[in-house]
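I opened a notebook page for this chain and wrote down what I looked up, one topic at a time.

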Amino acid sequence: MIAGDDPTPWNLLHDATIVGLERDVVDTVTVKIDVPYIRDRFADGGTLFAFALVDCRELTYTPLDEPTLRELSEIASSEPTIGEATVEDGAIVIAGTAGTLRVRYRELGLALDTGRPLALDELERAVRAYWDEWNARTSRDKP
């Protein structure tokens, strides 16, 4: 589990899209995240990442120039993107291309949408490998 004041997992999935939000009977919200170019690196089947926000006390999304959304279904249907995540007053604030997501939770569990738990260092390695390969490809293409 990752502490609720650590923005690292969110920052690793830069340019991803939140495509689903589900609250269980207690206060855990599962965030389904689509970022195919990273998810494809895991040979488990499935297409998404799942962040479990344990003891989630706040989850809002404020689209640009629009009122703040609080209903999970409305937030998910807006498909917020993940840009830079920072910590403000104990909450994770994620700036996206069309608005800002604000979440406050005790801890975060990482998994693939197949249910397989995912360690933070495993996700970091996959992201680093993708960007290393991308940089190598683009540097070859430069004159």
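The entries below go from the whole chain to single residues.

**Ground rules.** I am working with a predicted model, in which local features need pLDDT of at least 70 and side-chain atom pairs count only at pLDDT 80 or more, while totals for chains, interfaces and linings use all residues. Residues are numbered from 1 along each chain as its sequence is written, and side-chain values use heavy atoms, with hydrogens and water left out.

**Whole chain.** Helices (H or I, at least four residues) and strands (E, at least two) are DSSP runs, numbered from the N terminus. Along the sequence the pattern reads β-α-β-β-α-β-β-α-β-β-β-β-α. I then checked the radius of gyration, which is taken over C-alpha atoms, the globule rule being 2.2 Å times the number of residues to the power 0.38. For 143 residues a compact globule would come near 15 Å, and the protein chain has 15 Å, which agrees. The C-alpha trace spans about 50 × 35 × 25 Å along its principal axes.

**Burial.** Buried means under 20% relative accessible area, exposed over 50%, and partly exposed in between (1.4 Å probe, protein chains only). I noted that buried residues make up 40% of the 143 residues.

**Sheet.** I traced an open sheet of five strands in the order E1-E9-E4-E3-E2, with antiparallel pairing. Strand E1 (2-3) and strand E2 (17-23) are at the edges with a single partner strand each, so one side of each has no neighbour in the sheet. Two strands count as paired if DSSP finds at least two bridges between them. E1 and strand E9 (residues 107-112) pair over two bridges, and Ala3 stands opposite Glu107 in E9.

**Core.** A nonpolar core is a set of buried Ala, Val, Leu, Ile, Met, Phe, Trp, Tyr and Cys residues joined through side-chain atoms within 4.5 Å. The largest one has 38 residues, of which Trp10, Ile33, Phe49, Leu53 and Leu59 touch the most other members. Helix H4 (residues 120-141) gives the most to this core, with four residues.

**Two single residues.** Thr28 is in the loop between E2 and strand E3 (29-34) and is buried at 14% relative accessible area. Ala91, in strand E7 (residues 91-95), is buried at 0%. The C-alpha atoms of Ala91 and Arg104 are 4.6 Å apart, although 13 residues separate them along the chain. Arg104 is also among the residues that Ala91 touches.

**Aromatic rings.** Rings of Phe, Tyr and Trp (its six-membered ring) pair if their centres lie within 6.5 Å; planes under 30 degrees apart count as stacked, over 60 as edge-to-face and the rest as tilted. I counted six aromatic pairs by this rule. In one of them, Trp10 and Phe51 have ring centres 4.9 Å apart and planes at 75 degrees, so the pair is edge-to-face. Trp10 lies in helix H1 (residues 8-12) and Phe51 in strand E4 (residues 49-54), so this pair ties together parts 41 residues apart in sequence. Both Trp10 and Phe51 are buried. Tyr130 and Trp131 also form an edge-to-face pair, at 4.9 Å centre to centre and 85 degrees between the planes. Tyr130 is buried at 13%, whereas Trp131 is partly exposed at 32%. Ring pairs link Tyr37, Tyr130, Trp131 and Trp134 into a cluster.

Technical notes: Contact means heavy atoms within 4.5 Å. Lists of a residue's contacts leave out its neighbours within four places in sequence.
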